[in-house]
Structures are given as C-alpha cells and as structure tokens.
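Here's a quick briefing to read alongside the model. Have the sequence and the 3D view open as you go.

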Amino acid sequence: EFSLHSATVLYAARVSTASLVLVDARCIVLCPSSLPRCLVNTPNRSMTAGPTAPPPNDLAPNGLPYPPMGTKRPPPRNEWARLSPTLTVLPEDPVKSTHPFVVAQARDGVGGGMGLFVYLGIRAGEVVWAERKGAGGSTTAIPRTRAWIDALPPTSRAAYQHFMYKTGEDEYQSLAEFNDVPVERYPEVRTVDVSNYMNHSCDPTCWFVDGGDEWEGAMVARRDLRPGDELTFDYATSEDDDRAESWVCACGAPSCRGHVSPQDWGLPQVQEAYRGHFLPHVADRIAHATGEPIPSLEPVDMAESTWWLRLQADPAYAPSPALMPSAIAGRATESERALARCAARGAALELLNRQAAALIAQHRLAVREREHIGRYIEAGARIPRGEVVMLLPPNLLLWEEEVTDYNRVLQIASDTASGARLFSSSLSADDLDNFLCHSCDPNTAVHIGADLTAALVAVRDIEVGENVCFDYDTTEDDLTGDKGGFSCACGAARCRGQVLGRQHASEPEALPLPATTLSLV
C-alpha cells in the first residue's frame with residue numbers, strides 16, 4: 001500500500017518566499033516576446049519571400065492552428081486534457097518532427113513572425129528535429145524544380161516561397177500541405193508542421209547531421225539549450241540558389257555577417273564553422289569551388305540521442321532507468337513494482353512532455369531572480385483558479401537510495417510496508433520546475449495522476465507578476481538533515497516558521513494531501 005503524500009517540483013536550491021509581486025526582479029529566462037537573440041528580420045525558412053507577415057491570431061499555445069468553428073472536438077487524450085481548459089482545446093501535433101520541449105510562438109522582437117522556442121532544457125548533441133523517410137504526404141513535401149515554382153501564379157508563388165528551402169540541385173521543398181491543394185489556394189494554406197517556423201542565425205543553436213538511412217533529415221543542438229533559447233540554423237548550410245535575394249541580418253550574434261546571401265556558403269569562415277554540417281548539395285558545390293573534398297554530414301546515432309523519438313515508436317519505452325523491466329523486477333515488494341508500472345510510457349509520455357511545454361508557453365512562466373530570495377517562477381499571464389499551471393511528467397524516476405541531491409528531486413509516493421520512497425526529477429538543471437518556491441499560503445496545490453505525472457493546479461487566481469509557489473510540507477515526508485529543510489520567512493499570516501517535511505510539521509493533520517487519481521490494486 002502506498003501513501004501518496006508527495007509530488008511537486010524541487011529546485012536547484014530550496015528557497016523560501018512569500019507570494020508577492022517582485023517588480024524589481026531581474027529576468028534571467030525571458031519570455032519569447034523578449035528574445036531578440038538568434039533572430040533575423042526575414043521570413044521563416046525562405047530565402048526569397050518579402051517581409052515577414054504578422055502571425056495569425058488563431059494559433060494554440062503549441063503554435064498549431066485551432067480547428068475551424070463547428071469542428072467536432074476529439075475526446076480528451078489524457079486526464080490532464082480533461083482537467084485543464086488550456087489542454088482541453090490544444091490541437092494535437094500530427095507531425096511530431098520537433099523536440100517535445102520546443103514550442104512555436106509569435107516573436108515580438110526583430111523581424112516578428114513566428115519562431116521555435118525551448119521551454120525545457122535540451123543537451124548539446126540531442127536531436128531537436130527529425131523527419132522519417134516515407135513519413136507520408138502530410139509530413140514530407142513533394143520536391144519541385146525552379147521552373148515549376150516560377151510558373152506559379154504570383155500570389156501562389158509568394159506563398160510557396162515563404163517557406164521554401166533547397167534540398168538538392170534544382171530541388172526545392174516547402175509546406176507538405178501544398179501537396180494536395182490546388183495552386184490557386186496556396187495563399188490560404190496553414191501549416192501543421194511547426195518545424196517550418198525555424199529561423200536563421202549567424203550563430204545558430206542547431207545544425208544538420210546524418211541520422212542514417214531511416215531519416216530524411218535531422219538536426220541536433222550545437223550547445224546546451226536553456227528555456228527561452230530559440231531553435232535556429234544558418235541558412236548557408238542549406239541555401240545556394242543564386243537567384244534568391246539577400247537581406248540585412250539582425251540576429252545580433254557577435255559573428256553576424258551583416259547580410260544573409262545565397263552565396264554565403266562560399267565564405268571561408270562559413271565553410272570552416274560548419275564542416276560536416278552542410279546539406280549534400282551545398283557540400284558538393286563547396287568541393288567543386290575549392291577543388292578539395294568536404295566532409296559529408298556528421299553521422300549521429302539516433303537511438304542514443306532521440307529518447308523522444310523512441311517514445312513515438314515504442315509504447316513500452318521510458319527514458320528512466322527505474323522503469324526498465326529488470327529494475328522493476330528487482331524491487332523488494334509487489335506494491336513497489338505496481339507503482340513503477342503505473343508510470344506513463346511511449347506516446348503517452350511524449351504527449352505529456354508536449355503538454356508541459358505548451359502550458360509554460362501559455363502562462364508565460366519565466367525564471368526571475370532577486371537578491372536575498374534567489375530564483376523563482378513568475379507568471380507572465382493571468383492564470384485562473386482551477387487551471388493546471390505546470391505538468392511534471394515522469395521522465396526520470398528515482399528510488400530514495402538513488403537520490404544524490406534532494407534539492408533536485410520531488411517525492412511522489414512512499415510504500416508504507418517497506419518504507420521505500422519514489423522521487424521524480426527533471427532531465428535538466430535548467431528546467432523551470434527546479435525553481436519553484438515554498439509558501440505556507442501557496443497559490444497552487446499538487447495533483448498526482450494515474451500516470452505518475454505531478455501537476456500544479458491554481459487554488460486561486462494567479463495574477464501577472466506573481467510568483468508560482470506551493471507548500472513543500474504537503475508533498476515531502478522528510479526534509480531534515482541534508483534533505484533541504486529550512487527556516488521559513490514566507491511572510492504568510494500562518495507561516496509555520498520551519499519547513500522540514502510532513503513528518504516533522506507542528507500540525508501534520510492540518511496539511512492537505514495532494515489530490516490523486518492513482519489507484520493501486
């Protein structure tokens with residue numbers, strides 16, 4: 001039998017703070033509208049279109065268009081879609097070619113338009129975009145020639161070229177949605193593949209790699225990516241159409257070339273910076289121009305660097321070692337084994353991660369910092385009572401003997417028979433859930449799902465600028481010793497003075513238990 005005392009997020013360092021609006025705090029993770037870095041005043045993907053059009057206003061928090069009015073809504077895909085008004089109407093990503101931690105959002109910075117932004121940490125070398133060969137007409141665009149494109153009616157040609165990119169000698173692709181649409185309707189087409197919103201930078205955050213025979217194309221992160229970073233690539237690694245126009249670049253990188261031109265592949269510094277990361281048609285052109293062979297795309301072991309793609313392909317897969325069959329079989333009691341088997345896996349876990357990123361985007365959650373308080377999470381949009389504020393998918397589960405830093409984990413259950421405690425951790429130290437603060441009068445409460453996901457749910461309206469907090473003692477059994485307990489200075493009228501875990505609270509019976517839909521037989 002399990003005692004479900006615990007589930008919420010823990011932090012790089014435990015901090016205590018009141019639920020106050022801290023107007024002079026320094027923002028260290030910016031909302032998408034405040035991210036001019038890695039941006040360019042050009043359209044997405046295209047080397048030939050004109051100024052970027054403003055983003056449409058009918059996009060969901062994940063950057064996908066809402067279905068037309070009157071369209072029958074599909075049934076909720078999990079319990080969180082039933083609980084959250086935001087997730088209830090969130091369109092499903094039918095392509096899933098981008099990392100689940102990445103969300104397409106409007107940009108208010110240089111160039112406007114849309115961009116792809118990171119909402120949870122991604123490690124250097126991790127695949128951020130991948131398209132399978134034979135994915136079908138809804139995912140893979142039909143290659144076109146320049147003559148075919150030039151023959152399009154002017155408005156249709158402009159729509160096609162807005163997202164166009166070169167894939168080979170006299171071979172171009174644009175939106176897969178154009179495959180089966182009459183050319184006269186091209187201006188009306190809306191993409192459901194958010195990877196089309198990836199922008200240029202002269203110092204990009206990702207680049208092309210060779211994923212092997214199974215993959216049409218793949219990109220990996222060039223460096224560790226933190227919440228707020230934008231996914232960008234250098235157009236010089238894919239574009240060489242001499243008839244395309246150049247434009248002034250405003251990416252802001254120290255290495256910014258000032259202009260983006262279809263001849264940039266010929267610059268020695270560009271050739272050196274991206275050796276092993278040019279698409280084959282550009283690499284061939286470099287080799288022909290220089291008379292020297294150029295390395296082909298750097299190969300990547302997709303099985304090692306694409307945990308999220310494995311979730312799509314294997315319904316039993318989970319990235320957590322604790323959920324491997326051998327690890328589950330080795331647990332001491334049947335109740336421990338039953339608990340581990342409850343965790344979301346496969347496509348269900350991938351969906352949870354996409355929902356988690358969409359909620360962060362919707363609520364414009366950001367990490368801020370203030371002297372004497374440290375880092376905390378601030379709401380950038382008003383969050384109504386009853387809405388899910390954050391989701392914490394069970395990406396990495398640890399039993400207590402595996403925990404090395406109690407400030408980086410959250411307890412989600414304890415076995416009353418064996419005393420074993422199960423904890424959940426984020427995959428990256430930069431994830432926003434590591435910076436949630438305590439209050440004895442919190443604005444969120446914890447809900448533990450049947451899939452071992454923990455959710456923070458607003459117990460009252462949360463206003464813009466307010467910090468997102470919860471009561472640590474309602475979720476943690478024991479915070480004594482080296483487990484992160486502290487003297488509380490939250491300022492609440494009924495501040496308890498000490499935060500040491502439920503077992504050591506002065507009135508443990510007064511602390512609410514997290515709501516749960518988890519049921520063990």
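Let's start with a pairing in the sheet: Leu410 has Ser424 as its bridge partner in strand E19. Keep in mind that this is a predicted model, where local features need pLDDT of at least 70, side-chain atom pairs count only at pLDDT 80 or more, and totals for chains, interfaces and linings use all residues. Residues are numbered from 1 along each chain as its sequence is written, and side-chain values use heavy atoms, with hydrogens and water left out.

- Helices (H or I, at least four residues) and strands (E, at least two) are DSSP runs, numbered from the N terminus.
- Two strands count as paired if DSSP finds at least two bridges between them.
- Strand E18 (residues 410-415) runs antiparallel to E19, and four bridges join them.
- On another pairing, strand E17 (residues 396-399) also meets E19 in the antiparallel sense, over four bridges; here Trp399 has Leu422 as its bridge partner.
- Is E19 mostly covered or mostly open? E19 (residues 421-425) is mostly covered, with five of its five residues buried (buried means under 20% relative accessible area, exposed over 50%, partly exposed in between, using a 1.4 Å probe and protein chains only).
- In a regular strand, side chains alternate between the two faces of the sheet.
- Arg421, Phe423 and Ser425 point one way from E19, while Leu422 and Ser424 point the other way, and all are buried.
- The hairpin of E18 and E19 has five residues between the strands, and Gly419 there takes a positive phi near 85 degrees.

- Strand E16 (residues 388-392) runs antiparallel to E22, joined by four bridges, and Leu392 stands opposite Ala454.
- Strand E21 (residues 444-448) pairs with E22 over five bridges, again in the antiparallel sense; in that pairing, Ile448 has Ala454 as its bridge partner.
- E21 and E22 form a hairpin with five residues between them, and Leu452 in the turn has a positive phi of about 65 degrees.

**Nonpolar cores**

- A nonpolar core is a set of buried Ala, Val, Leu, Ile, Met, Phe, Trp, Tyr and Cys residues joined through side-chain atoms within 4.5 Å.
- Which residues touch the most other members of the largest core? They are Leu231, Leu365, Val389 and Leu391, in a core of 129 residues.
- Helix H11 (residues 346-363) gives the most to this core, with eight residues.
- Apart from this core lies another, of five residues, among them Leu398, Val403, Val409 and Phe423.
- Leu231 has contacts (heavy atoms within 4.5 Å) that include Val102, Leu116, Met198 and Leu225, not counting residues up to four places away in sequence.

**Helix H6**

- The buried residues of H6 (residues 280-290) are His281, Val282, Ala283 and Ile286.
- These buried residues pack against strand E6 (165-168) and helix H5 (268-273).
- Just after H6, Gly291 takes a positive phi of about 75 degrees.

**Salt bridges**

- The structure holds 29 salt bridges, each a side-chain nitrogen of Lys or Arg within 4 Å of a carboxyl oxygen of Asp or Glu.
- Arg146 and Asp241 meet in one of them, at 2.4 Å, N to O.
- This pair links distant parts of the chain, 95 residues apart: Arg146 is in helix H3 (residues 146-150), and Asp241 is in the loop between strand E11 (230-233) and strand E12 (247-248).
- Arg146 counts as buried because its relative accessibility is 6%, and Asp241 counts as buried at 7%.
- Asp203 and Arg223 also form a salt bridge, at 3.7 Å, N to O. Asp203 is partly exposed at 26% relative accessibility, and Arg223 is partly exposed at 31%.
- Glu336 and Arg331 meet at 2.9 Å, N to O. Glu336 is buried at 1% relative accessibility, and Arg331 is buried at 16%.
- Salt bridges that share partners join Glu400, Arg421, Asp477, Asp478 and Lys483 into one network.
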